[in-house]
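Take a look at the rings and charges in this protein model. What do its aromatic side chains pair with, and what lies over them?

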Amino acid sequence: MQKTREKIMRILFLTSAHNSLSQRLWIELGARGHEIRVCVAASGEAMIAAVSREAPDLIVAPMLKIAIPEEVWSRHHCLIVHPGIKGDRGPSSLDWAIANHEKIWGVTILEAADEFDAGPIWASHEFALEADPLAKSSLYRGQVTEAALRGVLEAVARIESGAFRSGSWQPQKLSDVSSQGSPALRGCPRPPMRQADRAIDWRRDKTAMIVRKIRVADSAPGVLGTLLGKTCFLYGAHEEAYLQGPPGKVLARRDGAICIGTVDGAVWISHLKAKDRAEAQEMIRLPQAGIGCEFSDVAPYPAAGIKLPATQVLGPLLRGVPNAPLPIDAPADHRTFREIVYTEEDQVGYLSFDFYNGAMSTSQCYRLRDAFVHARSRPTRVIVLLGGADFWSNGIDLNTIEASADPAAESWRNINAIDDLIFEILNTMSHFVIAGLRGNAGAGGAMLALAGDHVYARSGVVLNPHYRSMGDLYGSEYWTYTLPRRVGQKRALELTLSCRPIGTRAARDMGFLDDAFGEDTGAFEAELRERARRLARDPEFRVMLRKKHERRLDDESVKPLANYRAKELDRMQVNFFGPDPAYHEARRRFVFKGNPPPQAIRAPIRTAVEATSWVLSQRAARAGAGVASVP
C-alpha cells in the first residue's frame, strides 16, 4: 500500500562513509516512501549543520566513527547501528567477535546517548558465525547488513505506528537488561583492538590462527608485519593445503599473491600496503632502473598507503621466488589461492572470478578474457559468469592505477582491457551467457554484467551503474550500447547522471536485471544453476541461439560495436589525458580515503599507449574475433 503523505518521514543519515550498508538502508527506506538525506560527516560541526539544514524527523547513523554531539541527540531521535550483540560496546566489535571464535553475533540498534553504545535498545538481531571465519568486510557486507536492515526497519516501524509516541512501546534501557541469569545480555564493553592484539608470530601461530588474524583486520586496518625486511599491512589470507616451508619464508607467488610458510603448512597473502614512505620510494627507484618489473602488473610505483597485490609491493625482493601457476580448471579439491575458477556441469560452464574488492586490473581483465575464451571453446551450451561472493565487479582497479608510474596511461590500458573482455562476451554466438551477481557491482563492473544475455542478482545486492562521481568520468565498457537496450535511452541517462545506488527490485522493474532471487548466496546459486540447466536443456535452444545471433547482426548493421567503443574512448581519453584533473583528483581521494598525500612528481612515460590497445581491438573487430558460429 502506498504511504500517505502524513506517514512519510524525513530521515537524515549521519555516516562516516556512504558505504554498502548505508546504501542498502537508503534503498530500502526510500522504497518505503521515506525522504532520505545523507551527510558524510567528519566532525560534530558538520553534523550540527546538516541537522539544522535538513530538519529531520529521524536521524540514523549507519556507520559513524565519531560521537553525535549532545546538541543533536538531545533534541532529535538518533538511532545508532552497532555491529554487536546486546551489551557489546566499543569500536572493534566485529574484530573481537571473530578473534574470540564467537558462535553467535548480531547487530543492535541503539539510541544515541552521552556514552558510546550505551543508549536504550530499539532492536537487536543475531546470526550464527561460521567456524571457518569470513573476512570482517565479508561479514559486514553480508550478515551484518541484513541484520542491520531488519533492525532499522523494525525501529522505524515503531515510530510510524505511533507505538513509541503513545508510550505503548519503549526502548529497553541497557541498565534494565540483567546479566544475572538472563541470556539476553551476553555483550560487554571491549577496548579498541590494537596491532599488538593482531600481531602474527610466525614461529608459533598455526595456519588457521594466521588466517583468522588477517581476516579479523580485513579490509581495515590490516595486520602490521614485516616481510623480507619491509614493513607492511597484510590482507587477503587464504589457507594453502599442499605447499610447505619454513615459517615466515616466502615460498611461492601466484597472480599477485605470495605464499608464506607456517609451522603447520602455508598461507597465501594476496595484498599488502607499504607502511613506510621511505621504503616505498626506494621501491619506486628500483623499477625505474629496470629491476623487479617482472613481478608487477604495471611498472611498480608502490606509494605508502595504497593496498596493492603483494608481488607489486615487494617487487625485486621476490627475485628467485618461484611462480606456482594453477590452471583455471584445476580440481577444487584443496584449499589454496585462486582468483579465477572454471567448472562444468550439465552442459553449463561456470566461470567464477573473485578479485579483491571487485577491482579488476589490466592483467586481471586479460586473464579473465582468456578464461572466458577457453570457456567458450568448450562443448557446453551456457556460460555462467559468477563474479565473487562479495563483489561481482567494481570495474577498473583504481589502486593499481594510482600506484603506476603514469596513472593516465595505466587508466587507458585498464579501460581497454576490460573493453576487450566485454567485446568477447558480446560477440559470443555459440553459447548463452548468464551474468550471476552474488555480490554488489559498481561503475564498469555493473556494465560488465549487461554484456550477458541474462542478468540475475541475489536479492539485496546493491548496484551503482554510474561513473560520474569519479571526477565526471564518462565510462566505457560499451555502456552506451548495453544499458539503453535494457532500460531505454532516457533511463540510461538518468542512471549514469544521478550517481545513486539502486536495489534489485528497482533494477528488475526497469529491466536492468532480468530477475533477483535468493535470500542468501547459497539459495541464489542453487536457483541460478537450475535456471542455467533449464536453458541448456530447452528444446528450442538452437532456435533461441539463432535469434540471438540475428539480433546481434541487426544491431551491428545499425551501429557497429566499434563505433560505440570509439565514442566512449574519445571521452575517456579526455578524462585521462586532458587538461581537467578532476578524474585524477577524485581517484586519489578515493584511493587514500579522502586524505591523499602531496602529489609526487612522476615522469610521463606515455608513448603510443593512447592508441595501441584500441588499434588492436579495431583490427580484431574487423576480423570478427570472438564471433563463434551457431552449433
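A residue counts as buried when its relative accessible area is under 20%. Keep that cut-off in mind, and note that the model is predicted.

Tryptophan 122 has a relative accessibility of 1%, so this residue is buried. Phenylalanine 164 has a relative accessible area of 16%, so it is buried as well.

How many aromatic pairs are there? The count comes to twelve. One of them joins tryptophan 122 and phenylalanine 164. Their ring centres are 4.7 Å apart. The planes make an angle of 50°, and the pair is tilted. Tryptophan 122 belongs to strand S6 (residues 121-128), while phenylalanine 164 belongs to helix H6 (residues 163-166). The pair therefore ties together parts that are 42 residues apart in sequence. Trp169 joins in too: ring pairs link Trp122, Phe164 and Trp169 into a cluster.

The table gives two cases.

| Charged residue | Ring | Distance from ring centre |
|---|---|---|
| Lysine 559 | Tyrosine 564 | 4.2 Å |
| Lysine 593 | Phenylalanine 590 | 5.9 Å |

Lysine 559 lies over the face of its ring. The charged end of lysine 593 sits over the ring of phenylalanine 590.

Now turn to helix H15 (residues 479-487). Why is H15 called largely enclosed by the rest of the structure? Because seven of its nine residues are buried. Among them are Trp479, Tyr481 and Leu483. Arg486 is also buried. Glycine 488 follows H15, and its phi is positive, near 90°.

Technical notes
Residues numbered from 1 in each chain as written. Predicted model: local features only at pLDDT ≥ 70, side-chain atom pairs only at ≥ 80, totals over all residues. Heavy atoms only, no water. Phe/Tyr/Trp six-rings, centres within 6.5 Å; stacked < 30°, edge-to-face > 60°. Helix = DSSP H or I, 4+ residues; strand = E, 2+ residues; numbered from the N terminus. Buried < 20%, exposed > 50% of the residue type's maximum accessible area, 1.4 Å probe, protein only. Lys NZ or Arg CZ within 6 Å of the ring centre and 35° of its normal.
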